[in-house]
Amino acid sequence: MLKLYVDADSCPKNLRQVVLRAIMRKNLISFFVADRRLKDIEIAYQEHTSELRKAAKEAGEIDEMALRAIRSPISMVIVKPGMDSADDWIVENASLPALAITHDIPLASRLVEKGLIVLDDRGKTYTRENMAQRLSVRNAMTEFREMGLFAEKHERMGNKQIKAFSDAFDSLLTAMLKQ
């Protein structure tokens with residue numbers, strides 16, 4: 001069964017909402033990994049659990065114990081604070097078939113090595129075919145910044161970027177679920 005791994009530390013809240021809606025709609029196993037609690041994930045878990053229980057109750061007779069056992073497949077994984085602790089958890093625990101979402105290119109590279117498909121927060125997909133090139137560009141830009149030759153400028157997350165991510169996420173998810 002397809003699983004989603006989200007580097008929740010690097011995923012903006014508005015994009016997490018896009019992902020959460022899809023997870024709830026398709027009832028997907030998901031892991032949001034961060035070094036702190038994220039209220040939006042906890043609320044989505046509670047709402048989804050409630051919806052699943054309500055649907056089971058409406059579908060037919062179910063005893064109270066079985067009803068209480070029904071839980072959302074949304075997981076909030078809280079790791080110890082520290083450099084790469086969320087990344088390490090994702091790499092160590094990710095299993096195929098899976099889709100990962102992260103802005104962190106070194107993490108994306110590690111996940112692609114494991115066979116995962118990775119989507120960044122701008123809707124770009126990383127695979128074995130394009131990861132080496134993307135990682136080398138990232139490393140070169142890091143060197144330029146360290147030498148003072150280049151100042152990194154991030155484009156603000158606006159409606160255009162949210163739509164690009166949403167469209168890419170939906171297309172990728174649909175294709176992976178058909179497999």
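1. A term first: helices and strands here are DSSP runs, a helix having at least four residues and a strand at least two, and both are numbered from the N terminus. The loop that holds Asp84, between strand S3 (74-78) and H4, is named in this way. The model under review is a predicted one.

2. Overall make-up. The protein has seven helices and six strands. Along the sequence they follow the pattern β-α-β-α-α-β-α-β-α-β-β-α-α. Of the 179 residues, 40% count as buried. Taking contacts between residues at least 6 apart in sequence, 63% join residues at least 24 apart.

3. The largest nonpolar core. This core has 30 residues, and those with the most contacts inside it are Leu4, Val19, Phe32 and Phe169. Two or more residues each come from strand S1 (3-7), helix H1 (13-26), strand S2 (29-34), helix H2 (39-59), strand S4 (98-101) and helix H7 (159-178).

4. Phe169. Which residues does Phe169 touch, leaving aside its neighbours within four places in sequence? Phe169 is in contact with Leu4, Val18, Val19, Ala22, Leu99, Ile101 and Leu119. Leu4 and Val19 are also among the residues with the most contacts inside the largest core.

5. H1 against H2. The axes of H1 and H2 are 11 Å apart, and the angle between the two helices is about 15 degrees. H1 is therefore roughly parallel to H2, since angles under 35 degrees count as such. Their crossing is right-handed. On the H1 side the contact involves Lys13, Arg16, Gln17, Leu20, Ile23 and Met24, and on the H2 side Asp40, Ile41, Ala44, Glu47, His48 and Glu51. By class, these residues are five nonpolar, two polar and five charged.

6. H1 against H7. Here the packing angle is about 30 degrees, with the axes 10 Å apart. This angle makes H1 roughly parallel to H7 as well. The crossing of H1 and H7 is right-handed. Asn14, Leu15, Val18, Val19, Ala22 and Lys26 of H1 meet Ile162, Phe165, Ser166, Phe169, Leu173 and Leu177 of H7. The contact has nine nonpolar residues, two polar and one charged.

7. Helix H4. Which residues of H4 (residues 85-93) are buried? They are Ser85, Ala86, Asp87, Ile90 and Val91. Among the elements that cover them are S1, S2 and helix H5 (105-113). H4 and H5 pack at about 10 degrees, with axes 10 Å apart, and the two helices are therefore roughly parallel to each other. H4 contributes Asp87, Asp88, Ile90 and Val91 to the contact, and H5 contributes Leu107, Arg110 and Leu111. These comprise four nonpolar, no polar and three charged residues.

8. Tyr45. Tyr45 belongs to helix H2. Apart from neighbours within four places in sequence, Tyr45 is in contact with Arg71, Ser72 and Ile74. Tyr45 and Ser75 are 30 residues apart in sequence, yet their C-alpha atoms are 7.5 Å apart in space.

9. Ala66. This residue lies in helix H3 (residues 64-69). Ala66 has 32% relative accessibility and so counts as partly exposed. Ala66 and Arg53 are 13 residues apart along the chain, and 9.4 Å separates their C-alpha atoms.

10. Backbone points to check by eye. The peptide bond from Leu96 to Pro97 is cis, with omega near -5 degrees. Pro97 is in the loop between H4 and S4. Asn27, in the loop between H1 and S2, is a residue other than glycine with a positive phi, near 55 degrees. With 34% relative accessibility, Asn27 counts as partly exposed. Asp84 is not a glycine either, and has a positive phi of about 65 degrees. Asp84 sits in the loop between S3 and H4 and is partly exposed, with a relative accessible area of 36%.

Terms used
Residues numbered from 1 in each chain as written. Predicted model: local features only at pLDDT ≥ 70, side-chain atom pairs only at ≥ 80, totals over all residues. Heavy atoms only, no water. Core = buried A, V, L, I, M, F, W, Y, C linked by side-chain atoms within 4.5 Å. Buried < 20%, exposed > 50% of the residue type's maximum accessible area, 1.4 Å probe, protein only. Contact = heavy atoms within 4.5 Å. Axes fitted to C-alpha atoms, helices over the stretch in contact; angles between N-to-C directions. Parallel < 35°, antiparallel > 145°, perpendicular 65-115°, else oblique. Left-handed = near helix turned anticlockwise from the far one by under 90°. Nonpolar A, V, L, I, M, F, W, Y, C, P; charged D, E, K, R; others polar.
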